[in-house]
Amino acid sequence: MLYLKTTDHIMAILRFRVYWEEDDQTYRDIELQVGQTFMDLHQCIVKAFEFDGKHSASFFESNDKWERSGREFNSEVLANKKDAPALSMTKTPVSALISVPDQKFIYVYDPAKKWSFLVELIGVSKEETFRRVYPFVLRKEGLAPAQYGIKGVSVDKIMEIEEKYDLGADEMAEGFGNEGEGEGESSSEGGESYTEDTGSDY
């Protein structure tokens, strides 16, 4: 049973917000055409969060409390078979699982590391944007988590942070607390926050 009306299927665009489970201020808004698959969404999420795409992943149906409540869709399963433990991302359109206006899924990338993201339907548009290639990353908020070790910390960036410690008591109070403990260093940067209106990350 689809949330979308039958007459909306041809041109409808699904907009999902994909939160990093450990920080709900870090998310990506992704638009997907009706008919595009969980594999399309998986590949777009990987690129949007700057992961390498070398590992398998799964989507799980979720209830309103972000608890797994239904089927699994796996990137390595090639066909949908009756009674199989997981269905195929490639063979399953995301729209086939949309039954409520705020449909939720849990996305897990790399079974060893278990990078977890919360995927929620936040909007449906009846028209595509001209010349936009889907899936499309519409918005990015927050700094993507580092898949391997420390992410994007160059020597220049470290020196910049050290200068802030030495020169900026105000910055320390705002970003790190009065003690200036090193554990919060990355928080002073505040992450990235911008909207992409053209082009495509997919």
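The legends below describe close-up views of the nonpolar cores and aromatic rings in a predicted model. Local features require pLDDT of at least 70 and side-chain atom pairs pLDDT 80 or more, while totals for chains, interfaces and linings use all residues. Residues are numbered from 1 along each chain as its sequence is written, and side-chain values use heavy atoms, without hydrogens and water.

**View A. The largest nonpolar core has 34 residues.** A nonpolar core is a set of buried Ala, Val, Leu, Ile, Met, Phe, Trp, Tyr and Cys residues joined through side-chain atoms within 4.5 Å; buried means under 20% relative accessible area (1.4 Å probe, protein chains only). Phe16, Ile45, Phe59, Phe105, Tyr107 and Val119 have the most contacts inside this core.

**View B. Val119 is in contact with residues that include Phe16, Leu41, Ile45 and Trp66.** Contact means heavy atoms within 4.5 Å, and neighbours of Val119 within four places in sequence are left aside.

**View C. The rings of Phe38 and Phe73 form a stacked pair.** Rings of Phe, Tyr and Trp (its six-membered ring) pair if their centres lie within 6.5 Å; planes under 30 degrees apart count as stacked, over 60 as edge-to-face and the rest as tilted. Here the centres are 4.7 Å apart and the planes lie at 10 degrees. Phe38 is buried, with a relative accessible area of 0%, and Phe73 is buried at 1%.

**View D. The rings of Phe51 and Tyr109 form a tilted pair.** Their centres are 5.3 Å apart, with the planes at 35 degrees. Both Phe51 and Tyr109 are buried.

Note on methods:
Buried means under 20% relative accessible area, exposed over 50%, partly exposed in between (1.4 Å probe, protein chains only).
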